[in-house]
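Subject: Structure handover

Hello,

Please find the structure below, followed by notes on what was found in it. Keep it open while you read.

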Amino acid sequence: MSAKRINALKKKIQSEHLDAMLITSMPQIRYLTGFSGDTALLVLTRTAAEMLTDFRFIDQAKQQVKGAKVTIIKGSAFAGLKDVSALKPRNIRLGFTGEHLTVSVKDVISKALPDALLVNADAALAELAWIKDAEEQANIRKAVAIGDLAFERILNLVKPGVRERELAAELEYQMMMLGSEKPAFDTIVCSGYRSAMPHGVASDKKLEKGDFVTFDFGATVNGFVS
């Protein structure tokens, strides 16, 4: 399925009048290639795709990456951009995902590719994920099911005297045991007066008799969350 997503983005590159696109966000790289490591860059043109990563991920990249050539580089992945043949022509229009790029990283890219014209192309990638295919829907449904079952498993622990942090830890443990890669976000467990906090992270507060308790949590399956 990764190759299908990459091909769809190649068409977007052409329709947006870009010569190439640089993906720096690891969740987006995983979405496009299947690679779940924490260090990589993905370069796409209208006809090719190349992922840059370092020696720590040689075996992992070989096993996971679909639809893109894998290049192992020494040092910073950004330093390796100057050696990517597709990025060597002068005055190429290079799209980047501005939503996931800091000013300092953009400066690093500009120094590595001084002859490239950097163009914010957030919409080109965002639109690909608007409609979920069957595989994506299956991952989301599995993440939802994991969250539901994990919550059922910890309900008998919700009683006066237990700490919010203990409930959060047990809930995350149960999700992991059921197949979640990690929590979808920081698990929220808030009780009593703290239950009014929309994003209150679990604390050492103990539940008291009569407390309302707010739970907000999610699971992760193949990069997709509930």
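At roughly what angle do the axes of H1 and H2 cross, and within what distance do they come? This is a predicted model, and in it the two axes cross at roughly 110 degrees and come within 6 Å. Angles from 65 to 115 degrees count as roughly perpendicular, and H1 and H2 are therefore roughly perpendicular to each other. On the H1 side, the contact is made by Ser2, Arg5, Ile6 and Leu9, and on the H2 side by Tyr31, Leu32 and Thr33. Sorted by class, the residues of this contact are four nonpolar, two polar and one charged.

Next, the sheet. Six strands make up an open sheet with mixed pairing, and their order is E4-E3-E2-E1-E5-E6. The edges are taken by E4 (69-73) and E6 (117-120); each has a single partner strand, so one side of each is left without a neighbour in the sheet. On average, and with direction ignored, neighbouring strands of this sheet are turned by 25 degrees against each other.

Inside the sheet, E1 (residues 20-23) pairs with E2 (residues 41-45) in the antiparallel sense, over four bridges. H2 (residues 26-33) lies across E1, E2 and E3 (49-54), and runs at about 55 degrees to E2.

The largest pocket has a volume of about 810 Å³. Its lining consists of 32 residues, and those nearest the centre are Pro27, Gln28, Arg30, Tyr31 and Gly223. At least two lining residues come from each of H1 (2-15), H2, H5 (122-126), H6 (134-154) and strand E10 (224-225). H2 gives the largest share, five residues. By class, the lining of the largest pocket has twelve nonpolar, twelve polar and eight charged residues.

The second largest pocket holds about 180 Å³ of space. Ten residues line this pocket, and Lys4, Arg5, Tyr31, Leu128 and Asp133 are the closest to its centre. Here the largest share of the lining, three residues, comes from H1. The lining of the second largest pocket divides into five nonpolar and five charged residues, with no polar ones.

Regards

Methods. Residues numbered from 1 in each chain as written. Predicted model: local features only at pLDDT ≥ 70, side-chain atom pairs only at ≥ 80, totals over all residues. Heavy atoms only, no water. Pairing = 2+ DSSP bridges. Axes fitted to C-alpha atoms, helices over the stretch in contact; angles between N-to-C directions. Contact = heavy atoms within 4.5 Å. 1 Å grid on protein atoms, 1.4 Å probe; cavity = no way out; pocket = protein on both sides within 12 Å on 5 of 7 lines; lining within 4 Å. Points joined across faces, edges and corners; volume = space filled by probe spheres on them. Nonpolar A, V, L, I, M, F, W, Y, C, P; charged D, E, K, R; others polar. Parallel < 35°, antiparallel > 145°, perpendicular 65-115°, else oblique.
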